[in-house]
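This report describes a ligand site and some points of backbone geometry. The structure comes first.

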Amino acid sequence: MKKLEVGILGATGMVGQRFISLLEHHPWFEVKWLAASDRSAGKTYGEACNWRVRDAMPKSAAPLPVHECKPGSAPKLIFSSLDSKVAGEIEKEFAHAGHVVVSNSSNHRMDADVPLLIPDVNPDHLALVRAQRHERKWKGMIVTNPNCTTIGLVMSLAPIERQFGLAKVMMTSMQAVSGAGYPGVPTLDILGNIIPYIGGEEEKVERETRKLLGKLTDSRVEMGNFIVSAHCNRVPVEDGHTESISIALRTPAQAADIAAAWRKYRSRPQELELPSAPKHPVIVREEKDRPQVKFDVDSERGMATVVGRLRPCPVLEWKYTALSHNTIRGAAGAALLNAELMKADGYLD
Ligand code: NAP
C-alpha cells in the first residue's frame, strides 16, 4: 500500500516530536511536511528542533524544511500540536482550505459540530464531521482528541458506564511535567514540590468527559447525564498522569463485575486492528500498589490505560487508580489513532 503523506503543525514542540517519533515506521502514514512558528520556519527540522524524545530523531525528519503554518503546499492530512494560543485560527484556515486537521489542541474540542474522539470509546461521534462540513462550508474538517488528563479517566470509565451507568465522578490527578509543553514548569517551582493548580485543566476534564461519554443524536452530542468534579495537580514526574477516581453508579455492581468489564472491554480499534490500537485498552493490575508510572506508563507502547486498587468508597461507591501516558495516549498517539480510524472508515479518501 502506498503510504499517505502527512504534515504536522507545531512539529517542533513536545507533542510534535512524539508525532515524528510514532510516525517513523508507520505502515499507513509518512511525514512529508512540517510547520511551526516563525522562530523555526526557514530552518531544517534538525536545526529548529530541540529534540527531547529518548529515541533518536528519525534520520528522515532532520533534513525536512520547517514551513510557516500556511496551507497550500501541505498534504491533505495534517496533525496539529500547535500552541493553543494560535491553534484555533490556523486549524480553521487549514480545514477551510480542504485539509483534514486531526488536532490535539483544546480550541475546537467543545464546538458542537467537532468530534471529540477516543476511537476506543465513541467512534460513532466521528459522524459529526458531516454536519461540520455542511454548516461551515468547508472542504476539509477538524477532528480533536481530548485533554491528556481526560483520556485516562474516560478510558477507565467507559467500560463501567456502558454496563452500570454513571451518576457521579470525582477525580484527583497527579500530572507529569511534560504535559506543560517545553520548557514547561520551571525547575525551582516543581522540584520536591506539588503544584495544586493547572490553569483551565479542571474545567476541561469536567466538560470533555461528559461530551465523550455523551450520545450522538441528530448531528449533536447530548452530554452524559452524570456530574464530574476534578482536582488537578502538577507533580515532579516526567511522563504519565496518575489519577485517583471515585464513582457512584446508576445500577449496583460488585468489584468483580467492574474488573470484568475493564478486562473484556474492546471497541472499534481492536476490531479493525488499527496499527496504533492497544490490544487491551484497559489493563487491570492486581498488585496492591499498582499502577505506578515507573513500571506501567509504557504499557501497550503507551496506548493503554492501566487501572488498579479498586475498592469500596465510603463517600461515593467505588474508588480506583488509573494511569496513562500523557504525550502518547494523551496526545500524539491519540491523534494518530483518530486518523487511523478515519482512514479505515473512509474519511480520508
Ligand atoms: P510546545 O512544546 O510548547 O509546542 C508548541 C508548538 O507550537 C511548537 O511547535 C511551536 O513552534 C508552535 N508555535 C508556538 N507559537 C506559534 C505561533 N505563533 N505560530 C505557529 N506555531 C507556533 O507544546 P506541546 O506540549 O507540544 O503542546 C501542543 C498542543 O497540544 C497544545 O495545544 C497543548 O495544549 C496540547 N496538548 C499537549 C499535551 C502534552 O502532554 N504536552 C497533551 C495533550 C494536548 P516553535 O518551536 O517554532 O516555537
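The ligand is surrounded by 28 residues, of which T12, V15, S37, R39 and S40 are the closest; a residue is near a molecule if one of its heavy atoms lies within 4 Å of it. This is a predicted model, in which local features need pLDDT of at least 70, side-chain atom pairs count only at pLDDT 80 or more, and totals for chains, interfaces and linings use all residues. Residues are numbered from 1 along each chain as its sequence is written, and side-chain values use heavy atoms, with hydrogens and water left out.

By class, the shell around the ligand holds 10 nonpolar, 15 polar and 3 charged residues. Here Ala, Val, Leu, Ile, Met, Phe, Trp, Tyr, Cys and Pro count as nonpolar, Asp, Glu, Lys and Arg as charged, and the others, Gly among them, as polar.

| Residue | Polar atom | Distance to a ligand oxygen atom |
|---|---|---|
| G10 | backbone | 3.2 Å |
| R39 | side chain | 2.7 Å |
| Y182 | backbone | 3.2 Å |

Taken alone, the ligand exposes 900 Å², and the protein buries 82% of that; accessible areas come from the Shrake-Rupley method with a 1.4 Å probe.

Elements that give two or more residues to the shell around the ligand are α1 (14-22), α3 (84-96) and α12 (328-344). Helices (H or I, at least four residues) and strands (E, at least two) are DSSP runs, numbered from the N terminus. Domain 1 (4-147 + 332-344) and domain 2 (148-325) both contribute to the shell around the ligand, so the ligand lies between them. The domain bounds come from an automatic or database domain assignment.

Some backbone geometry remains. Most residues other than glycine have a negative phi, and most peptide bonds are trans. Y182 and P183 are joined by a cis peptide bond with omega about 0 degrees, and P183 is in the loop between β7 (166-175) and α6 (187-190). Another cis bond runs from R290 to P291, with omega near 5 degrees; P291 is in the loop between β12 (282-284) and α10 (293-296). S219, a residue other than glycine, has a positive phi near 60 degrees.

Key. A polar contact is a pair of N or O atoms within 3.5 Å; within protein, one must be able to donate a hydrogen and the other to accept it, and residues adjacent in sequence count only if both atoms are side-chain atoms.
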